[in-house]
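This report is for a reader who is meeting the structure below for the first time. Please keep the sequence and the model at hand while reading.

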Amino acid sequence: MRKTLKRRLLLILLSIGLLPYLIFLIYILFLSENKILKKTVNEQFLQINSTTNLIQTHLKSIEKEVKFLSTIDILNDLLAEDLDRRILKLIEKKAVDLGTQLTFYVIDTGYNIVASSDKENISKLFKNATSLKNDDGNFVDDEYIYYYSKIFSSFDKDKILGFMILKYSLRNLKQYLISNATAYSYLQNKQSFLALTDRKMFNINFSKNNGSKFEDEYLIVYNNLPEPLNNWYLVYAVDKNVALAFLHDFIYLILFLFPFLIFGIIYASFKYSKQVVVPIVELNDAINHIVKTQDYSQVLKIDARYEIGRLGFSFNEMIGLTSSVLKELENENRLRLERFIRLVEIFNYIIQAENEETCVSMTIEKISTFTNKEVLFSDNESIENENSIQLYVSDFEHRKKVFFGSLVLEHGRLKDASEKDFYYSIATMLTLQIDRIRLIKKTVSESNAKSSFISGMSHELRTPLNAILGSTQYLLSYNDLSEDNQDMIANIETSAHYLLGMVNNILDIAMIEAGKFKIEKEDIELLGLLEDLYLMIKPLADEKGLEFIFKYSDSMKAKIFNDKKTIQQIIINLLSNAIKFTKVGTIEINVTKSNKKIKISIKDTGIGISANELEHLFQDFSQLNSSLSDISKGSGLGLSLSSKMAKEIGITLKLVSDGLGSGSEAILVLQEV
Amino acid sequence: MDLLVVEDDEITSAQLYKLLSHEKYITDIADGYISAKNFLSNNSYALILLDWNLGDGDGLDLLRELRNDYISTPILMLSANIAIDDKVKVLDAGADDYLCKPYSNIELLARIRALLRRENKNKSAKIVIDEIELDSITKDIFSNKEQVNLTHTEFDLLELFMQNPNIVLTRYQLSEHINKGMNNIGISNVIDVHIKNLRNKLNNKKFIKNVRGFGYTIKK
């Protein structure tokens with residue numbers, strides 16, 4: 001942008017400066033010369049006319065002189081053929097007066113020269129006698145004008161004595177001609193082209209009375225001379241250079257000034273384009289700098305006047321305004337950030353509060369430390385004005401908000417929305433923390449209630465069972481009872497034993513549901529554990545004549561990290577179930593592994609499970625297809641408990657069956673370490 | 001040998017008193033926390049059986065107090081409360097052993113004996129009854145001088161019988177012994193199978209006697 005603008009400006013300024021000059025130059029060089037020449041021609045015409053008039057006047061006076069001389073009385077002597085010497089003297093004298101190259105003749109009627117200013121001609125015959133008319137007049141021959149006038153006798157006015165003739169050479173008109181270095185004039189005959197000049201004569205076509213002609217070096221102007229010189233022209237030749245001398249001088253001057261002018265224009269163009277562009281460039285640089293540094297406090301130094309200067313000034317004003325707005329924003333942001341940080345601090349502080357009273361007092365304490373403003377807490381619900389914030393907390397029992405108290409700001413109204421937000425945020429935090437405290441209290445007490453219920457249940461159920469079992473064992477172990485009594489007490493013990501199992505299962509379920517189930521994870525060699533359980537259970541299968549198979553790959557290793565006791569419990573439950581519900585056939589434990597997932601399958605050829613039963617399988621007390629009369633079949637809690645335990649320790653338990661009579665398969669999936 | 005039983009349940013304490021007296025232990029019964037403090041301030045005991053849940057206090061608190069007072073009497077902690085039972089917690093508080101109610105009498109007596117260090121003094125590792133010889137240390141069994149190979153479970157059962165001759169061991173006691181702490185109602189009849197196998201291996205059908213379908217015993 002910078003270069004383009006500068007160049008364009010320069011170009012415009014240069015063309016504005018140079019174009020008129022060039023036009024002027026062209027005009028002078030090609031057009032003004034003709035004009036000047038024409039003007040010179042006109043001037044010469046004036047000159048030539050005036051000269052022509054002068055010549056005419058001159059010739060007229062000569063003619064008059066001749067007439068006058070012819071009337072002089074002494075010319076009467078002409079008849080006496082003895083011309084008086086006085087006549088001779090007279091014409092000689094006149095000849096000297098009128099010019100150098102002239103000759104007076106006095107001829108008699110026989111055309112003999114009686115007297116002449118040139119004595120040699122006397123007594124000769126006048127050559128041009130035929131040109132003499134019977135009147136006074138003149139004629140031209142060669143370069144001479146002949147003026148003649150009849151001489152009458154003083155006595156007899158009708159008697160012609162002879163003629164007074166003046167032979168007048170045109171060369172006498174020299175006085176009317178000019179001849180100098182720059183211009184000259186001469187007379188020329190249009191027929192004979194005889195030119196009375198020593199200098200160059202020009203070949204002119206004298207078809208008009210007057211005219212002009214441009215020769216190489218000369219400007220020619222010509223004019224026809226008056227009667228009797230009809231064949232003669234006065235020619236003026238003016239040196240062109242002289243005519244154009246001023247013009248040429250002027251051109252030289254201009255050409256001489258040209259470099260200075262160019263320089264001046266270029267200098268001015270540069271200067272002004274710089275004056276325009278540089279401040280713009282500076283402005284642009286400054287704007288770029290501001291954009292880059294984000295420093296809006298800068299003041300632009302624009303070294304320019306007029307519009308650009310005003311632009312700079314406006315820009316500074318705008319930047320100043322922006323800067324102050326930014327500062328204002330920054331201050332506001334700082335204030336907001338400060339408040340935010342304080343909010344966070346207050347939050348971090350009051351979140352430590354463990355009861356409602358300390359929570360309130362901690363909040364008030366923090367507010368006064370941060371703002372130096374007093375805040376009071378009031379539980380009076382009737383206080384409701386602009387400088388109080390009412391607090392509503394949750395009533396979890398009734399699921400609604402209830403009035404807790406008000407924060408009363410001692411210093412009066414809140415100034416702005418931001419300050420208001422600040423205090424309302426604190427109020428919200430306070431109520432949330434109070435909610436939290438209440439909720440924790442409630443949860444803890446609920447949790448404690450659950451724990452103490454389970455613990456109480458356990459205590460209440462086990463203590464009597466302990467008494468029963470302790471007593472029955474004592475009686476059976478040490479006393480010699482009658483067989484009937486022995487049977488009865490043995491029944492008590494069996495029932496108590498069964499009851500204990502039930503109690504254990506129920507307490508396990510209760511603990512799982514209360515979230516109190518204890519998990520103690522350890523490293524377990526799963527195959528070893530299964531082997532032990534297999535050996536433990538095997539006698540039961542053997543007793544029923546069932547085939548009991550434990551299959552696994554010899555190369556397999558199955559290490560897991562889990563709760564050993566719970567896994568044992570689940571597997572015993574599943575195995576004892578399988579044995580319990582299988583009359584003939586096989587029970588197979590099959591351990592496989594893929595992708596670190598260990599799958600334990602316990603498959604039996606027992607009574608199987610119907611699709612309908614599968615749905616309710618894991619519900620509490622849903623022993624399948626049986627009545628509680630046969631206590632050996634268990635509590636009906638086994639599968640439900642196993643499933644819950646499996647979930648607790650993060651393993652998958654799934655039961656599949658193709659229906660009643662098709663056997664069933666329990667699948668456990670565990671994650672290998 | 002004086003024992004103190006701290007137990008708030010009267011039936012339990014009466015039953016314990018009977019059991020322990022039968023085993024020739026001199027036993028005091030304290031029915032609560034305060035009563036126990038009284039007994040302990042006036043007498044010294046060889047062993048304290050301490051119930052966790054006392055009517056007027058917490059057995060664990062009493063245990064801690066005793067240990068804080070540098071009373072090092074062995075203490076066997078008893079509890080019916082499986083929900084808060086934490087063996088580690090009890091042992092950390094200074095108890096010497098821990099038994100969860102309901103316990104088998106035989107198990108309780110065995111623990112008491114162990115705590116009183118009677119086992120090693122009064123009983124040799126070898127027990128011989130009739131033609132059956134059992135070595136607790138080497139785990140060797142001889143029947144009619146012939147060595148018999150038993151599984152762990154079978155050995156444990158035989159050892160329990162031979163340590164408690166003339167006492168009827170119920171199926172509950174036996175299964176409690178071999179499946180320590182495990183909920184085993186589903187497999188309590190596994191005892192019968194083990195006894196059957198044991199008889200076959202010992203090649204002696206009459207050594208372990210069946211007591212009317214609820215228990216077994218051996219006679220010395």
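The text that follows takes up confidence, helix packing, the contact between the chains, and the sheets.

**Model and confidence**

This is a predicted model: local features need pLDDT of at least 70, side-chain atom pairs count only at pLDDT 80 or more, and totals for chains, interfaces and linings use all residues. Residues are numbered from 1 along each chain as its sequence is written, while chains are lettered from A and ligands numbered from 1 in the order in which they are written.

The predictor gives an ipTM of 0.84 and a pTM of 0.54 for the complex. Its confidence in each residue is the pLDDT, which runs from 0 to 100. Chain A has a mean pLDDT of 83, with 95% of its residues at 70 or more. For chain B the average is 86, and 90% of the residues score at least 70.

Helices (H or I, at least four residues) and strands (E, at least two) are DSSP runs, numbered from the N terminus. Among the elements of chain A, the lowest mean pLDDT, 74, belongs to helix 3 (residues 85-98) of chain A, and the highest, 94, to strand 17 (residues 597-604) of chain A. Over residues 623-633 of chain A, pLDDT stays under 50, and the model has 9 contacts beyond four places in sequence for them. Two residues are in contact if their C-beta atoms, placed from the backbone, lie within 7 Å. Where pLDDT is low, the predicted coordinates should not be read in detail.

Two packed helices are described by the angle between their axes and the distance between the axes. Axes are lines fitted to C-alpha atoms, for helices over the stretch in contact, and angles run from 0 to 180 degrees between N-to-C directions. The table lists two pairs.

| Helix pair | Axes come within | Crossing angle |
|---|---|---|
| helix 5 (residues 306-350) and helix 6 (residues 356-371) of chain A | 10 Å | roughly 150° |
| helix 6 and helix 7 of chain A | 10 Å | roughly 160° |

Angles under 35 degrees count as roughly parallel, over 145 as roughly antiparallel, 65 to 115 as roughly perpendicular and the rest as oblique. Helix 5 of chain A is therefore roughly antiparallel to helix 6 of chain A, and helix 6 of chain A is therefore roughly antiparallel to helix 7 of chain A. A crossing is left-handed if the near helix is turned anticlockwise from the far one by less than a right angle, and right-handed if clockwise. Helix 5 of chain A passes helix 6 of chain A in a right-handed crossing, and the crossing of helix 6 of chain A and helix 7 of chain A is right-handed.

Helix 5 of chain A contributes Arg342(A), Ile346(A), Tyr349(A) and Ile350(A) to its contact with helix 6 of chain A, which contributes Cys359(A), Met362(A), Thr363(A), Lys366(A) and Phe370(A). In the other pair, Glu356(A), Cys359(A), Val360(A), Thr363(A) and Ile367(A) of helix 6 of chain A meet Ile426(A), Leu430(A), Gln433(A), Ile434(A) and Ile437(A) of helix 7 of chain A.

**Contact between the chains**

The contact takes 47 residues from chain A and 38 residues from chain B. On the side of chain A that touches chain B, two or more residues each come from helix 7 (417-478), helix 8 (483-513), helix 9 (526-544) and helix 10 (564-580) of chain A. Helix 7 of chain A gives the largest share, 18 residues.

**Strands and sheets**

Two strands pair if DSSP finds at least two bridges between them. In chain A, strand 3 (residues 137-141) and strand 4 (residues 144-152) run antiparallel and are joined by 5 bridges. Phe139(A) stands opposite Tyr146(A) in strand 4 of chain A. These two strands of chain A form a hairpin with 2 residues between them, and Asp142(A) in the turn has a positive phi of about 50°.

Chain B has an open sheet of 5 strands in the order 2-1-3-6-7, with parallel pairing. Strand 2 (26-30) and strand 7 (97-100) of chain B are the edge strands, each pairing on one side only. The twist from one strand to the next averages 20°. Strand 1 (residues 2-6) and strand 3 (residues 47-51) of chain B pair in the parallel sense over 4 bridges, and Val5(B) stands opposite Leu49(B) in strand 3 of chain B. Helix 1 (residues 10-22) of chain B packs on the sheet and touches strand 1, strand 2 and strand 3 of chain B.

Another open sheet of chain B has 3 strands in the order 12-14-13, with antiparallel pairing.

Methods
pLDDT is the predictor's confidence in each residue, from 0 to 100.
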